[in-house]
Amino acid sequence: MGQLLLVNVLQEPLFCGKLNWPKVHKYRPRPCSFLEECAQSQQSLKCHSVHYSIQETGKVVNHVESPLNHKAFDCNGEESDTLPYVQTLREFPKKELVEKVVLVRFDSTILVQKEADQIAQPASNALFTIKYLHESGAKVILVSDWSVRNNSRLFDSESFADILSSVLQLRVVPARCVSPERLAKTENYEKTDILLLDNLSEFKEEVANCPKFAEALSAGVDIFVNESFSQSHKILASNVGVTRFCYACVAGFQFEESLNQLQNLKETKREPYVAIIGGGNILDKAAALHFLASRCEGLVFVGMMCFQIMHALGLAVPLNLVERGAVKEALDIVQFAESRNVQIVYPKDFLCKNDQLPDQLEIFPSHGILDGWIPVDIGPVTLDEIKSLLSKCKKTLWIGPVKFHKSSYISGASKLAQILVQLSQNDCDVTVVGNIACEAIMKESSPVSVFNMIYNASVVWEFLKGRKLPGVIALDRAYPFYIDWNAVYVDPSKPLVVDIGSDSEWTGNGLFLLGMAKRRLDLNFLGLEINKKLVRRCLDSLQRFGMKNGYFIATNATSAFHSIVSSYPGKLVLVSIQCPNPDFNNPDHRWRMLQRSLFEAVVELLVPTGKVFLQSDIEAVSLRMKEEFLKYGKGRLIVHEESNAITSEGWLKENPFGVWSDWEQHVLDRGDPMYRVMLSKSTNAE
């Protein structure tokens with residue numbers, strides 16, 4: 001019976017106003033390449049993510065996956081998951097936006113500029129995100145926080161909505177509440193272009209990441225788009241909490257660009273690479289400085305931290321300017337930099353003031369500041385040295401203000417900005433981080449200047465320290481590598497069978513997929529499993545049996561299914577999900593395997609008459625899977641019934657493939673039932 005049903009299931013006939021995209025400097029995935037072909041370059045790569053495929057000889061061949069953007073590395077060159085590869089709006093299916101309610105968390109500080117001609121690239125990308133969603137047919141709801149102290153024009157939501165309407169050239173209506181679900185009940189909801197929720201700064205629940213507040217923010221919302229990169233280092237209800245309640249959570253265009261800029265900070269392909277470091281608090285930023293010292297050929301200190309570095313170098317500086325409790329950290333940074341031959345540059349002179357002589361400014365050498373005089377800016381000798389050093393650079397980072405104590409002097413920052421503007425016009429990759437630095441650059445830049453600008457320095461410092469960014473981690477993941485299917489399978493045009501979970505952690509060795517691949521040489525089989533050890537075990541089995549039509553990938557199928565399977569050149573004819581963790585029934589489990597995004601991706605990519613096979617030894621789990629697929633299939637899936645093969649409760653009596661997984665065999669051996677169901681995609685489905 002099992003073999004007969006296998007034939008019936010798999011051998012049925014299978015038939016299988018415009019916007020200009022913003023310029024996001026995206027690091028595209030590179031194809032996997034054989035280790036044999038890159039033996040020389042391998043020596044220079046300290047970290048790889050490796051997967052395997054079976055070639056005609058039956059030999060396991062390693063593939064080196066090129067790290068894409070959103071991969072971070074620590075100071076020892078080892079890969080970390082500080083920046084996971086996340087799903088972006090650019091990659092999200094545009095047709096899935098139609099008639100969806102989309103919540104956009106945006107950054108008010110960059111979206112609303114004081115003057116129209118000051119709008120920078122981050123603001124331009126953020127504006128494009130909102131327009132793109134609106135023109136794609138989505139119902140757009142905006143949410144942000146703003147301060148009257150920072151911008152006197154934003155004294156209430158009505159005034160903010162008016163400004164946004166002017167900038168977007170779309171009607172933005174203040175909602176006067178924080179719940180989209182309440183808005184849907186109002187009369188003018190459908191007629192409004194874009195809605196703006198209340199100012200989040202007025203709600204303490206926002207900072208506390210209150211679950212009930214997050215649920216209210218996302219009530220009635222289908223998709224969450226994060227465009228507030230400046231808040232990524234914080235755990236807020238509007239950037240982390242809401243992701244538990246939206247079926248898709250993606251990065252907007254500005255967020256994506258900012259992630260790419262973070263990735264660019266660690267790249268060392270363009271040398272010499274020099275970091276200009278302003279600000280203070282070396283104790284808190286020690287880990288970040290170690291990271292920069294591991295990547296750069298030079299560190300230039302232009303803020304309060306310079307006194308700590310000078311003190312560590314054994315130079316005479318006023319002790320009142322040295323940060324207490326950070327002597328060891330400064331010494332460690334200096335020693336680490338010297339061990340790598342990293343040049344350390346500190347101010348050679350300062351512009352100083354005396355409180356007793358308020359109208360008088362004097363320039364003193366850094367080692368000769370007289371008592372009563374306080375540094376307020378870097379001096380001309382220092383600027384000349386910096387200009388000389390940077391003239392040889394191909395890549396420069398400026399992070400932190402050129403500022404000492406509460407000084408309002410900006411001459412040094414302005415002249416440094418002029419130097420960087422000139423560099424940007426001479427093929428130097430310039431990244432500017434922090435509000436003060438970005439404002440200085442904007443004042444000095446010309447139309448031909450090209451900069452990478454990140455306004456919030458706190459996010460970058462956290463990234464450089466190697467810490468995870470909660471606002472990034474909360475977004476959906478995507479598969480970060482390009483798959484060369486011709487290297488994976490002998491014939492990638494064959495129909496594809498995908499097993500999600502590869503029999504799951506409960507069933508061990510992926511015997512279902514291996515058994516299927518052995519029986520059906522006319523099909524290709526792909527296992528998607530989050531457990532890397534299980535994937536390696538399955539790949540070892542493929543090698544041992546010499547199979548040429550099997551492949552396994554270690555990934556989170558929930559978010560990566562669409563990006564992986566949609567790139568396959570053949571047709572998707574069967575998807576199986578067997579014995580998932582029962583925790584998926586818990587709706588509060590944000591990272592549960594089975595979510596709406598997976599259901600919809602499976603239904604979308606299946607060919608007409610394609611099948612979905614579901615089974616579990618827990619009836620409630622199988623029932624929930626069946627109901628969710630039918631719900632989100634929106635009429636495109638039906639229960640596939642065979643005569644005399646269905647129990648009175650509607651479950652398949654036998655495994656239709658005649659191939660059992662480890663766990664399935666274990667359950668049957670102890671005399672317990674399996675709850676199975678087969679769904680089929682209608683031939684009338686679009």
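Modeller: Before we start, one definition: contact means heavy atoms within 4.5 Å of each other. This is a predicted model, where local features need pLDDT of at least 70 and side-chain atom pairs count only at pLDDT 80 or more, while totals for chains, interfaces and linings use all residues. Residues are numbered from 1 along each chain as its sequence is written, and side-chain values use heavy atoms, with hydrogens and water left out.

Colleague: Got it! Which residues does Leu292 touch?

Modeller: Leu292 touches Ala275, Ile277, Leu299, Leu397 and Leu464, if we skip residues up to four places away in sequence.

Colleague: And how many residues does the largest nonpolar core have?

Modeller: That core has 109 residues, and Leu292, Trp398 and Leu464 have the most contacts inside it. A nonpolar core is a set of buried Ala, Val, Leu, Ile, Met, Phe, Trp, Tyr and Cys residues joined through side-chain atoms within 4.5 Å. Buried means under 20% relative accessible area, exposed means over 50%, and partly exposed is in between (1.4 Å probe, protein chains only).

Colleague: Which domains does this core draw on?

Modeller: It takes at least three residues from each of domain 1 (89-261) and domain 2 (267-445); the domain bounds come from an automatic or database domain assignment. There is also a second, separate core of 41 residues, including Ile483, Ile553, Phe561 and Leu614.

Colleague: New topic. Where does Arg676 lie?

Modeller: Arg676 lies in strand β27 (residues 675-681). Helices (H or I, at least four residues) and strands (E, at least two) are DSSP runs, numbered from the N terminus.

Colleague: Is Arg676 buried or exposed?

Modeller: Arg676 counts as buried because its relative accessibility is 3%.

Colleague: What do the side chains of Arg676 and Gln615 do?

Modeller: They are joined by a polar contact of 3.0 Å. Another polar contact of 3.0 Å links the side chains of Arg676 and Glu664. A polar contact is a pair of N or O atoms within 3.5 Å; within protein, one must be able to donate a hydrogen and the other to accept it, and residues adjacent in sequence count only if both atoms are side-chain atoms.

Colleague: Now the helices! At what angle do α11 and α12 pack?

Modeller: Helix α11 (residues 305-312) and helix α12 (residues 327-339) pack at about 75°, with their axes 9 Å apart. That makes α11 roughly perpendicular to α12. Axes are lines fitted to C-alpha atoms, for helices over the stretch in contact, and angles run from 0 to 180 degrees between N-to-C directions. Angles under 35 degrees count as roughly parallel, over 145 as roughly antiparallel, 65 to 115 as roughly perpendicular and the rest as oblique.

Colleague: Which residues in α11 meet α12?

Modeller: Gln308, Ile309, His311 and Ala312 do, and they meet Val327, Ala330, Leu331, Ile333 and Val334 in α12.

Colleague: What about Gln261, how far is it from Asn452?

Modeller: They are 191 residues apart in sequence and 6.7 Å apart in space, C-alpha to C-alpha. Gln261 sits in helix α9 (residues 253-266) and is buried, with a relative accessible area of 6%. Leaving aside neighbours within four places in sequence, Gln261 is in contact with Asn452, Met453 and Ile454.

Colleague: Last one: which bond joins Glu271 and Pro272?

Modeller: A cis peptide bond, with omega about 0°. Pro272 lies in the loop between α9 and β12 (273-277).
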